[in-house]
Amino acid sequence: MNKVIRWSLLSASLIAILTLTAMNVYMLYDVRDTLIQGEQKKQLALLDEVALNVRRTIYRPYRGFNTLELEPIEGSIEERGQFPEQVREKIVQVANSPVFSAVYYTPANVDPCKEGSQIYELDRKMSLLNLTNQYPQNLCDGVGLVRTKARIELNNFDYRWNTNTEFDAHRSMNIGLINLHENSIIGYLTATIDRDYLINEVITPEINQYFDSSKTTSVVWLHDWANDVVLATNNNEIPFQIEEVQQRVDFGRMFGNWNLKIAFLDNASISLYHATFTKNIVVLGFSVILLLGALFYIFYTAQKERRILQQQADFLANVTHELKTPLAVIQAAGENIADGRVTQPKRLKEYGTHIHQESIRLNKMIEMLLDVARSDYGTTLIHASPHNLHLLVKNIIQQQHPLAKKKGHSIDYSYDSDKAIILVDPDHIKIILTNLIDNAVKYSKAPSTIYLQLSVTNDGFNLHVKDQGMGISRSHIKNIFKKFYRVEDSLSAKTKGHGLGLSIVQGLMGLNKGTVTVKSEWQKGSTFTLFFPEYNMHPTEINNPNQEDSVALISTRGTSTLASETIV
Ligand code: ADP
């Protein structure tokens with residue numbers, strides 16, 4: 001139940017942290033987008049204003065044109081070759097606008113596309129119409145456009161205007177004059193546009209008024225898209241690039257080939273926000289990592305402590321059980337002898353052996369517990385002196401082999417050198433090797449061979465203890481040197497142990513300036529490697545009391561540089 005609550009709380013906290021982070025990031029992006037969009041909308045409104053002002057400049061001279069009586073034009077032109085007075089005033093007003101270079105009038109029955117046609121041109125100085133056949137060629141296009149459009153409009157009965165306007169791109173403004181009573185076209189007024197004036201004196205100043213390059217970071221271009229030419233800009237330093245353009249605005253029905261294009265470069269408030277935005281994201285990222293790290297760390301250490309507590313409780317139960325077993329045997333045997341129930345010398349010997357063996361077992365256990373306690377408090381004493389590792393190993397094997405043999409295992413020992421001098425505490429080496437051999441026996445199925453191999457390295461000696469047992473899987477291998485750690489599988493479960501042996505091995509190897517490493521493959525076997533640094537001293541100084549015994553007890557096969565011996 002507790003486990004469920006712990007995991008649920010961890011998951012809930014994780015979800016809460018992630019949700020809060022996601023919300024924050026979303027909000028930051030949202031604020032940024034809103035700010036950018038707001039800023040861009042403002043700029044776009046200004047661009048619209050530029051286009052609108054240009055259109056106003058073009059239309060301004062025509063103000064009041066719609067209210068004129070146009071019907072008298074036909075008669076007046078036919079009779080005097082001039083406009084009626086009212087109309088003349090308005091047309092002179094148009095002709096006086098510097099945007100227009102000239103004003104022409106084409107009666108409805110004249111086709112300006114035909115060569116040699118006579119149309120009227122307004123003489124600006126005299127404000128009079130003169131017949132001429134010298135007019136710009138594109139006048140034919142302008143009149144053609146407005147004629148087609150006006151004819152369509154005349155078929156539309158809802159049409160209530162006496163004029164109809166069409167632009168021939170940026171070249172001319174053409175007005176169809178309509179007789180509303182007779183539903184017919186009177187003629188066409190064409191005002192040719194002064195392109196240079198329009199660009200340099202109308203559009204450029206408008207752009208600069210709204211987009212002063214010293215105040216804005218937006219770049220505006222007047223672009224002739226048909227010819228891909230930039231006609232005006234507020235910032236000559238930034239070349240026109242179509243990929244940079246974010247919005248475009250046209251001039252309504254005027255100047256069909258031209259439009260205004262804008263690129264929003266970051267302005268000060270957006271740049272400032274970008275800096276804050278990056279800072280926010282970085283701080284948020286760090287905080288989240290920190291929070292997650294702390295959460296995982298707390299959870300992990302709590303789990304670990306729980307596991308250790310559990311292991312210690314198991315250990316205590318285990319130890320108590322282990323201590324009680326030999327004690328019970330000793331107690332029963334002692335009681336039987338004391339009561340005088342056992343008198344036969346053979347039985348007495350048997351009981352004595354039992355008591356002896358069990359007290360050895362008890363002693364071993366107590367030693368082990370003391371080892372753990374000492375290494376826990378860092379009070380393990382070391383009595384190091386130079387020793388020949390080869391002889392130490394031989395000696396220990398000689399003591400261990402009966403136990404291994406009893407369980408159906410043999411020990412094979414080979415060595416590259418019989419002069420491996422190291423500075424160690426021999427009692428420690430005995431504990432270390434006994435533990436490793438004991439494990440190799442415990443975790444291998446009989447019959448099997450346990451290989452011990454002494455090899456020479458650059459700066460010392462390796463002692464490998466290799467078995468062909470159950471091996472240790474990758475996930476467990478990093479933990480096996482931890483105190484109380486036992487691999488949870490069927491063979492380990494059946495095998496007695498407290499998870500202390502390897503922790504003692506590692507602690508003692510450290511004290512003796514050596515290291516222990518392990519390589520293992522699941523179901524194939526394990527190799528524990530002990531490394532001892534070489535101790536340089538004269539061989540006569542070597543102190544090994546068991547040297548003679550070892551040599552006598554174990555027969556040596558092979559040479560002194562590579563020898564091997566098997567104890568079965
Ligand atoms: P234990 O008293 O359980 O043997 P150790 O500290 O000696 O404690 O070993 C820790 C664990 O490492 C063991 O429980 C066992 O699962 C695993 N282990 C140790 N040596 C071997 C080996 N030679 N082969 C397979 N597993 C081993």
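I began with helix H9 (residues 426–442) and helix H12 (residues 501–511): their axes come within 9 Å and cross at roughly 145 degrees. Axes here are lines fitted to C-alpha atoms, for helices over the stretch in contact, and angles run from 0 to 180 degrees between N-to-C directions. Helices (H or I, at least four residues) and strands (E, at least two) are DSSP runs, numbered from the N terminus. The model is predicted, so I noted its limits: local features need pLDDT of at least 70, side-chain atom pairs count only at pLDDT 80 or more, and totals for chains, interfaces and linings use all residues. Residues are numbered from 1 along each chain as its sequence is written, and side-chain values use heavy atoms, with hydrogens and water left out.

H9 passes H12 in a left-handed crossing. I take left-handed to mean that the near helix is turned anticlockwise from the far one by less than a right angle, and right-handed if clockwise. On the H9 side, the contact (heavy atoms within 4.5 Å) is made by His428, Ile431, Ile432, Asn435, Leu436 and Asn439. H12 brings Gly501, Leu502, Ile504, Val505, Leu508, Met509 and Leu511. I sorted the residues of this contact into nine nonpolar, four polar and no charged. In this scheme Ala, Val, Leu, Ile, Met, Phe, Trp, Tyr, Cys and Pro count as nonpolar, Asp, Glu, Lys and Arg as charged, and the others, Gly among them, as polar.

Next I turned to H8 against H9. Helix H8 (residues 389–406) packs on H9 at an angle of about 35 degrees, with the axes 10 Å apart. This crossing is right-handed. H8 contributes Leu392, Val393, Ile396, Gln399, Gln400 and Ala404. From H9 come Pro426, Ile429, Lys430, Leu433, Thr434, Ile437 and Val441. By class I noted nine nonpolar, three polar and one charged.

What should the 17 residues of H9 span at 1.5 Å a residue? They should span 24 Å, and the end C-alpha atoms are 24 Å apart, which agrees. The expected span is 1.5 Å times one less than the number of residues. Among the buried residues of H9 I listed His428, Ile432, Leu433, Asn435, Leu436 and Ala440. Buried means under 20% relative accessible area, exposed over 50%, partly exposed in between (1.4 Å probe, protein chains only). At the start of H9, a side-chain oxygen of aspartate 425 reaches to within 3.0 Å of the backbone nitrogen of aspartate 427.

A cis peptide bond joins alanine 446 and proline 447, with omega about -5 degrees.

I then looked for positive phi. Most residues other than glycine have a negative phi, and most peptide bonds are trans. Asparagine 183 has phi near 55 degrees, in the loop between strand E5 (172–179) and strand E6 (184–193). Asparagine 183 counts as partly exposed because its relative accessibility is 39%. Aspartate 228 has a phi of about 50 degrees and sits in the loop between strand E7 (218–224) and E8. At 53% relative accessibility, aspartate 228 counts as exposed.

Is threonine 233 buried or exposed? Threonine 233 counts as buried, at 14% relative accessibility. Its side chain has a polar atom 2.9 Å from the backbone oxygen of valine 220.

Terms used. Polar contact = N/O pair within 3.5 Å; in protein donor to acceptor, adjacent residues only side chain to side chain.
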